Amino acid sequence: MNLDRTWKSKLQSELDKDSMKKLTAFLQAESKSGKVIYPQGDEYFAALNLTPLDKVKVVIVGQDPYHGPGQAHGLCFSVRDGVRFPPSLLNIFKELKSDMGVEIPKSGSLTKWAEHGVLLLNAVLTVEDGKAAAHSGKGWEQFTDKIIHVLNEERENLVFILWGAYAQKKAAFVDRKKHFVIESVHPSPLSAHRGFFGTKPFSKANEYLKSKGKEPVDWSL
């Protein structure tokens with residue numbers, strides 16, 4: 001599994017831990033037994049590889065990958081070109097249009113955001129086909145906690161967008177004097193109308209970045 005050098009230098013000690021070795025062995029055994037795992041192996045670290053540590057401006061925290069065929073490709077909330085938008089992603093696009101005037105795109109891939117400095121990080125980086133959260137508690141959480149700790153400690157003036165209780169708990173330790181945290185309910189249809197729509201996370205993120213002399217994110221897709 002190739003990993004961007006800016007991240008690898010900060011995460012190597014975590015990769016060398018027994019917990020990661022056990023996780024790797026678990027994933028290999030699952031694949032060997034014929035189970036289908038998403039995303040494919042070369043995309044486990046797609047979020048880190050598309051958004052090097054020194055390029056991160058905004059961090060969006062998700063839970064685990066989509067578990068349907070052809071959906072997950074290593075970026076939270078994002079799906080491959082040509083795949084139907086999951087309901088949460090459609091709600092994100094609706095809020096983006098309301099907030100920034102960005103038309104709802106034809107593709108659900110958020111790769112362009114990642115390339116523009118938005119780290120789209122799931123807490124768990126793999127899942128079994130058809131079984132949501134199947135790989136929770138297998139070791140990914142400690143690894144992604146370390147990623148957030150590195151961002152919190154090594155960088156300044158980042159924007160953390162935390163949708164829902166899971167993401168808010170995951171990044172609860174982020175230093176709010178050093179970074180800007182945007183919180184709301186999850187964009188899921190179950191909660192979006194109770195405090196997601198109208199929160200304007202995209203324009204708020206850009207206003208903060210500009211206030212710190214940083215280039216705003218181009219949220220268009």
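I count helices (H or I, at least four residues) and strands (E, at least two) as DSSP runs, numbered from the N terminus. The model I have open is predicted, with local features needing pLDDT of at least 70, side-chain atom pairs counting only at pLDDT 80 or more, and totals for chains, interfaces and linings using all residues. Residues are numbered from 1 along each chain as its sequence is written, and side-chain values use heavy atoms, with hydrogens and water left out.

**The largest pocket**

I looked up the largest pocket and found about 450 Å³ of space in it. A pocket here is an open set of points on a 1 Å grid over the protein atoms alone, where a 1.4 Å probe fits, with protein on both sides within 12 Å along at least five of seven lines. The volume is the space filled by probe spheres set on the points. I then read off 27 lining residues, with Gln63, Asp64, Tyr66, Phe77 and His186 nearest the centre; a lining residue has an atom within 4 Å of a point. The elements giving two or more residues to this lining are β2 (58–62), α4 (87–100) and α7 (165–170).

Which element gives the largest share of the lining? I found that α7 does, with three residues.

By class, I noted 16 nonpolar, ten polar and one charged residue in the lining. Ala, Val, Leu, Ile, Met, Phe, Trp, Tyr, Cys and Pro count as nonpolar, Asp, Glu, Lys and Arg as charged, and the others, Gly among them, as polar.

**Two helix pairs**

Two packed helices are described by the angle between their axes and the distance between the axes. Axes are lines fitted to C-alpha atoms, for helices over the stretch in contact, and angles run from 0 to 180 degrees between N-to-C directions.

In contact terms (heavy atoms within 4.5 Å), residues of α1 including Trp7 and Leu11 meet residues of α6 including Phe143 and Ile147.

Next came α4 and α8 (residues 201–211), at about 55 degrees with axes 7 Å apart. That makes α4 oblique to α8. Among the residues in contact I found Ile92 and Leu96 of α4 and Phe202 of α8.

**Backbone notes**

I spotted a cis peptide bond between tyrosine 38 and proline 39, with omega about -10 degrees. Proline 39 lies in the loop between β1 (37–38) and α3 (46–50).

Asparagine 157 has a positive phi, near 60 degrees, and sits in the loop between α6 and β5 (159–163).

Terms used
Angles under 35 degrees count as roughly parallel, over 145 as roughly antiparallel, 65 to 115 as roughly perpendicular and the rest as oblique.
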